[in-house]
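These notebook entries record what I looked up, in the order in which I looked.

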Amino acid sequence: MDWGHVLRLIAPEQVLSLAGLALLLVAAWGGDKASRLITWAAVAMLAVSAVLVVPALCSGAEGADTLLFYGQLRVDAFAAYAKLLIYAAAGASLLVAPAFFDQAKAMRAEYPVLVLFATLGMGIMVSATDLISLYIGLEMNSLAAYVLAAFLRTDERSAEAGLKYFVLGALASGILLFGMSLVYGFAGTTSFDGIHAATTSGMNAGMIVAVTFVLAGLAFKISAVPFHMWTPDVYEGAPTPVTLFFASAPKVAAMALTMRVALDAFGAQVHVWQQIVIFAALASIIVGALGAIGQSNIKRLLAYSSINNVGFILIGLAAATPAGAAAMLTYLAIYVAMTVAGFVAVLMLKDENGDPVEAIADLAGLSRERRVLALCIAAVMFSLAGIPPLFGFWGKFVVFQAAVQAGLIPLAAIGIAASVIGAFYYLKVVKVMYFDEPVGKAWGKSDWVHQALLLIATLAISPLGYLATKCLASYADKAAAALFHLV
Amino acid sequence: MIQVIAFYLFAFMVIASGAFTILARNPVHSVLWLILAFFNAAGLMVLCGAEFIAMLLVIVYVGAVAVLFLFVVMMLDIDFAELRAGFMKNAPLGFVLAIVLLMELLLGVGAYKAGALKLGTASGAAATPAGVSNIEAIGALLYTRYLFLFEAAGVILLVAMIGAIVLTHRQRTGVRGQDIAKQIARKPSEATRNVKPGVGEGVQL
């Protein structure tokens, strides 16, 4: 093994881990006063890692050169694409944090450090090509996430969210590990290539049970129905910057991981897991849409919306074709932009004391008081609903196109029909903002970082986003090709 | 011959200290018996040639787990009279569990008599290299093939540590901690003063 080559390929991971360690020392000596500085430094380090990742994506790295550490990691264009999305989402959740936590007087210097380590774990997740590296990446991300969920420890809801996330996450990890141990038992190897080779001639009953358990464990992590029940509670209870983080970066990482496991490790026997994925996709779309209707808290609404979106993304996985994978990646990029825009907008909903406003009914009359903010929220809602001029439509379009090309026409038809249910609650928010009688709430000022981020994310999901479709599609195609190019 | 004596010694001690663990009335004594059981089990492992597991038993189980138990037992104020009061209530459940265990034992012995499972020996990449102790073999794998994952696992432990501190550490107010630097930096001029009390006026402090 040529160490220079290896170290060059894992440079982003090295930057992140060294940055995490160094900033931890700064936090130890600088105390909570230094937290703003540490946050900016962490964002800078994420940017550096992103720059280091770009060449692999642009050159469409694939094949044997990208395999590291005896096949435990694969640093290909697919991993690079997912990492870029993860770094962007993690950066956004860092940028919005200081203003939020300062208001709650709970900004601590460990927040950016934990986010950095979680991001490191997600980087390992998306490049894992071995069950062991998969699990280590997943746990690194999850452990940091449990702590982040309970970060406002004096707040009862935040502590509850942390505990709930921890208990259910541990259960999911147990299910996943059980499945993985069965896979190892039946395939005799933990490497994805080895599992692929061991199952080319077919899967016995034990292996099918193993695949089911592994997919169930992963479904917990992407919060697909029927393993979604923790999502609304955790998203509501966690501090909003952390919710932004949960809804974006770990979703991308877990989804990319699921893609690798399904299409690479179990890719030889697509029909075994295809039914499971189809069920999870349809159930997520329908439960996500129906569950959101009764919600009165905007964070819970966005949680159900993320369950709903996961269903649409899984439709691309059910197609099990390179086009389907590329569609999923395109959707994920748009989803991250929509999620960032949505939660930054939620962060900006504050009353005159600066306390967060989360009830949807309180948004009445927002369009008159805060014209731009209301417009941005409306754009996010229309985009999430997939209404054409906005970019969210494009994601749904490519996913359904891939499903139809793969011959899954009934699945696509049911998905499209169910997305109409989703449109109802998205539009309800717009109706409350624009047409309901104002409740006479006074709105507080927002941080400039929030405003800038909201503007950028909203521009990305606005019709202007269509200018990027060609570029986005070419990168997604490269990433999907790398995923399917097995050597 | 000496191996056989050693085996019976360790085995007897494991069973005896296991029995005392559940029979001891004082929970602290129970934990101490448990530690003795771990030590003897480690001896058994050494006899099997699994010295790595023997070390794990001593370092992890005795050094960390059992000592932690000891702390917990000592710190918790458990009323054992009250615990025993529930004995009759839970006795039926206990009996059911005992019967299940007995069945399992009988089944196990029966299966063993019918011929043990052929597990086979590890081959290929999974086989232990010849002429190397298993600590050396594990170490060689851990620091070469699994180096990245080993380091990553270290980061996970660090994250767990940071997490525990973030969630529990707080600045307490109203406690009088000792600040040694401040104590040493005290000068006589700040701590004492010269007064000349007048006769019959008392002292002003």
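This is a predicted model: local features need pLDDT of at least 70, side-chain atom pairs count only at pLDDT 80 or more; totals for chains, interfaces and linings use all residues.

Residues are numbered from 1 along each chain as its sequence is written, and chains are lettered from A in the order in which they are written.

Entry on F400(A). I found F400(A) in helix α18 (residues 392-405) of chain A; helices are DSSP runs of H or I, at least four residues, numbered from the N terminus. Leaving aside neighbours within four places in sequence, F400(A) is in contact with I315(A), A412(A), G415(A) and I416(A). F400(A) counts as buried because it has 24 C-beta neighbours inside 10 Å, the cut-off being 20 or more.

Entry on the cores. I took a nonpolar core as a set of buried Ala, Val, Leu, Ile, Met, Phe, Trp, Tyr and Cys residues joined through C-beta atoms within 7 Å. In the largest one, of 211 residues, Y81(A) and A318(A) touch the most other members. Helix α15 (residues 322-348) of chain A gives the most to this core, with 22 residues. Apart from this core lies another, of 9 residues, among them V31(B) and L57(B).

Entry on A318(A). Not counting residues up to four places away in sequence, I listed what A318(A) touches, including Q274(A), A403(A) and L411(A).

Entry on the chains. I read that the contact takes 23 residues from chain A and 13 residues from chain B.

Definitions and conventions: Helices (H or I, at least four residues) and strands (E, at least two) are DSSP runs, numbered from the N terminus. A residue is buried if 20 or more other C-beta atoms lie within 10 Å of its own, exposed if 12 or fewer, and partly exposed in between; C-beta atoms are placed from the backbone. Two residues are in contact if their C-beta atoms, placed from the backbone, lie within 7 Å.
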